[in-house]
Amino acid sequence: MTYVLGLGNVLMGDDGFGPTVVRAFEAEYAVGPGVEIVDLGTRGLDLTPWLADARQVIIIDTVNTGQAPGTLRVYDKRELMRHVPSARAGPHDPGVKEALLALDFSGRGPSEFALIGVVPLCVEMGVDLTPTIRAMVPAAVELLATMLRLFGAIVMRREQPSPRHPWWTVSPPPRTSN
């Protein structure tokens with residue numbers, strides 16, 4: 001199985017990048033069997049079940065690298081694991097490295113792994129991405145399609161893209177009085 005996992009809190013501004021990208025990807029593309037695309041939100045150490053015994057995993061999330069906000073890049077497993085895991089600030093911080101280390105130790109880690117990460121500009125209460133980060137969503141969608149193809153997955157552009165508005169950004173319909 002190949003998993004595409006969007007990580008992030010949609011109520012914290014740019015931290016909602018991962019879920020936004022997976023929703024935008026699903027609006028633009030269809031995938032073949034054996035690929036599951038999931039908005040995981042803020043899973044923390046609960047990532048282990050999604051990574052265990054998976055053939056391939058692609059995670060989309062924000063990354064704090066000290067680079068300019070909006071910097072988008074792909075990290076492979078070796079590059080991600082090159083540094084010691086940092087201290088987790090809270091129970092919802094993704095434990096990607098920790099989960100990968102534990103699974104590799106037990107022989108159950110994914111055989112192929114990639115992280116598509118963007119450096120956030122603002123992680124504060126709010127459901128909208130900043131314009132800087134919103135502008136990177138189409139590039140991340142295309143990177144995701146490319147990575148899936150490199151992993152051997154079937155990826156097809158939809159003839160009619162579906163609406164791109166994630167549930168958390170759509171205003172409810174106006175109320176009518178009877």
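Strands here are DSSP runs of E with at least two residues, and helices are runs of H or I with at least four, numbered from the N terminus.

Before going on, I noted that this is a predicted model, in which local features need pLDDT of at least 70, side-chain atom pairs count only at pLDDT 80 or more, and totals for chains, interfaces and linings use all residues. Residues are numbered from 1 along each chain as its sequence is written, and side-chain values use heavy atoms, with hydrogens and water left out.

I then followed strand 1 (residues 2–7) to strand 3: 6 bridges join the two, and they run parallel. Leu7 stands opposite Gly41 in strand 3.

On to strand 4 (residues 56–62): 5 bridges join it to strand 1, again parallel. I found Gln56 of strand 4 as the bridge partner of Thr2.

Buried means under 20% relative accessible area, exposed over 50%, and partly exposed in between (1.4 Å probe, protein chains only). 6 of the 6 residues of strand 1 are buried, so this strand is largely enclosed by the rest of the structure. I sorted them by face: Thr2, Val4 and Gly6 lie on one side, Tyr3, Leu5 and Leu7 on the other, and all are buried. In a regular strand the side chains alternate between the two faces of the sheet.

Terms used
Pairing = 2+ DSSP bridges.
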